[in-house]
Amino acid sequence: QPTHAQRERVTRVLRRFGLWGLRQRRILTLSYGQRRLTLVARLFASNAPVLLLDEVFNGLDVKAKDKLTQALERPRGGHAWVLTSHRPTELPKNVTHIAKIERGRIVSAGPIAEARARGELIVGAKRRRSLDVSTAQLAKAGKATKRASAKPLVTIRKTDLFRDYRPVIRKLDWTLERGENWAILGPNGSGKSSLLNLIYGDLHPALGGTIEREGAPRGTHIEGWKKRVGWVSPELQADHYLAKSIEEIVMSGRYASIGLNDAPTRADRQASERWLKFFNIEHLGTRGPRQVSYGQLRIALIARAMVNDPELLLLDEPCTGLDGDVRATVLGFIQQLAERGTQILMAVHDVEDIVPAIGKVLKIVRGGTVQTLNWPP
């Protein structure tokens with residue numbers, strides 16, 4: 001049993017990271033970001049002299065990132081730490097040394113002043129320009145199909161949304177018109193992922209609310225709708241770790257399934273081959289998901305989402321965990337796809353990840369209420 005002193009320490013850490021109100025919740029009822037922050041708090045509750053933090057800012061909203069940065073810059077427990085990051089702008093001010101790794105080798109290491117002098121910390125959005133996906137490349141991968149219709153693609157009315165019997169969104173009235181591209185903003189646990197799950201068809205409105213999906217009237221199988229919608233999220237990545245190969249993961253997008261229930265058809269293989277080649281990961285097709293990098297697996301999931309040439313692409317924190325080059329490639333692709341007519345709905349924490357095609361923002365605030373904003377503001 002924990003001692004009184006240990007309980008006091010846990011209480012201080014919970015309050016320090018803004019988790020006191022969640023202390024009695026089961027871990028699986030928390031959002032992705034809340035779970036990440038809980039693991040951070042767990043680390044700071046220990047007496048370990050050194051903390052190893054692997055992409056620790058991933059999935060955290062702005063306030064949570066600020067709390068973590070303050071904890072690292074002013075450690076109360078005297079911790080030393082080693083932190084890996086794809087985004088140098090997130091590094092705390094009290095970093096003393098930098099090591100740069102390329103292709104499994106440490107290519108430079110030393111005081112941070114030396115890294116700045118070498119220009120190794122100058123990383124930014126300007127680098128995306130050379131990594132944008134061209135329209136010609138995109139055309140080779142397969143053309144998105146535009147379905148002419150005056151009806152909105154998705155209409156949500158008077159909807160309350162619950163997760164694990166807890167309300168996350170209240171009285172939502174929202175319409176996704178044809179041709180619109182939206183971003184969803186909000187703090188950890190506000191319901192961004194839940195809203196995407198509702199649109200995709202894995203969650204349902206509480207009694208009294210409705211959701212209408214164009215071309216998918218009530219009573220029809222949701223699988224038909226899911227074949228028209230692409231879906232990408234960091235949590236989806238974990239669901240596919242038992243797949244036999246990257247090729248199987250991409251092919252499973254044809255059926256909106258985790259894995260394949262039947263032997264793949266010739267059409268399945270052709271579609272998978274087309275998108276694997278487009279993303280320059282055809283050489284990874286026979287490898288298992290644990291034999292590729294985190295970023296390579298994310299790209300494979302995006303290929304999976306695109307394998308049916310979807311009308312709507314739902315992106316839940318698509319750039320979480322990606323290094324600068326992969327992130328730039330992904331954002332460039334999303335922009336090009338939007339320009340061709342595939343509608344984009346992306347939930348993000350960092351406004352830097354909002355592509356230029358986005359014209360509107362749905363902001364979810366604590367308490368489950370929403371605000372609609374034009375973008376850029």
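Trainee: Does leucine 52 count as buried or exposed?

Mentor: Leucine 52 counts as exposed, because its relative accessibility is 65%. The classes are buried (under 20% relative accessible area), exposed (over 50%) and partly exposed in between, with a 1.4 Å probe and protein chains only. Mind the source: this is a predicted model, where local features need pLDDT of at least 70, side-chain atom pairs count only at pLDDT 80 or more, and totals for chains, interfaces and linings use all residues. Residues are numbered from 1 along each chain as its sequence is written, and side-chain values use heavy atoms, with hydrogens and water left out.

Trainee: In which strand does leucine 52 lie, and which residues make the nonpolar surface patch?

Mentor: Strands (E, at least two residues) and helices (H or I, at least four) are DSSP runs, numbered from the N terminus. Leucine 52 lies in strand β1, residues 50–54. The patch is made by Val50, Leu52 and Val82 and covers about 290 Å². Patch residues have over 30% relative accessible area and no salt bridge; nonpolar side chains (Val, Leu, Ile, Met, Phe, Trp, Tyr) are joined within 5 Å, like charges within 9 Å. Accessible areas come from the Shrake-Rupley method with a 1.4 Å probe; for residues, only the protein chains shown count as cover.

Trainee: Now pairing. In which sense do β5 and β6 pair?

Mentor: Two strands pair if DSSP finds at least two bridges between them. Strand β5 (residues 154–163) and strand β6 (residues 166–176) pair in the antiparallel sense, over seven bridges. Two residues sit between the strands of this hairpin, and aspartate 164 takes a positive phi near 55 degrees. β5 also pairs with strand β8 (residues 210–213), antiparallel, over four bridges. Look at valine 154: its bridge partner in β6 is leucine 176, and arginine 213 in β8 stands opposite valine 154.

Trainee: How many salt bridges does the whole structure hold?

Mentor: Side chains of opposite charge can pair when their charged atoms come close. Here the cut-off is a side-chain nitrogen of Lys or Arg within 4 Å of a carboxyl oxygen of Asp or Glu. A search of the whole structure finds 19. One of them joins lysine 360 and glutamate 180, with closest N and O atoms 3.2 Å apart. That pair links distant parts of the chain, 180 residues apart: lysine 360 is in strand β12, glutamate 180 in the loop between β6 and β7. Lysine 360 is partly exposed at 27%, while glutamate 180 is buried at 16%.

Trainee: Where does arginine 254 lie?

Mentor: First, its bridge: arginine 254 meets aspartate 268 at 2.8 Å, N to O. Arginine 254 lies in the loop between α9 and α10 and aspartate 268 in helix α10, so the pair ties together parts 14 residues apart in sequence. Aspartate 268 counts as buried at 1%; arginine 254 is partly exposed at 23%.

Trainee: Which residues does aspartate 350 contact?

Mentor: Contact means heavy atoms within 4.5 Å. Leaving aside neighbours within four places in sequence, aspartate 350 is in contact with Lys65 and Arg87. Aspartate 350 lies in the loop between β11 and β12. Its side chain makes a polar contact of 3.0 Å with that of lysine 65, and another of 3.2 Å with that of arginine 87. A polar contact is a pair of N or O atoms within 3.5 Å; within protein, one must be able to donate a hydrogen and the other to accept it, and residues adjacent in sequence count only if both atoms are side-chain atoms. A network of salt bridges links Lys65, Arg87, Glu90, Arg327, Asp350, Glu352 and Asp353.
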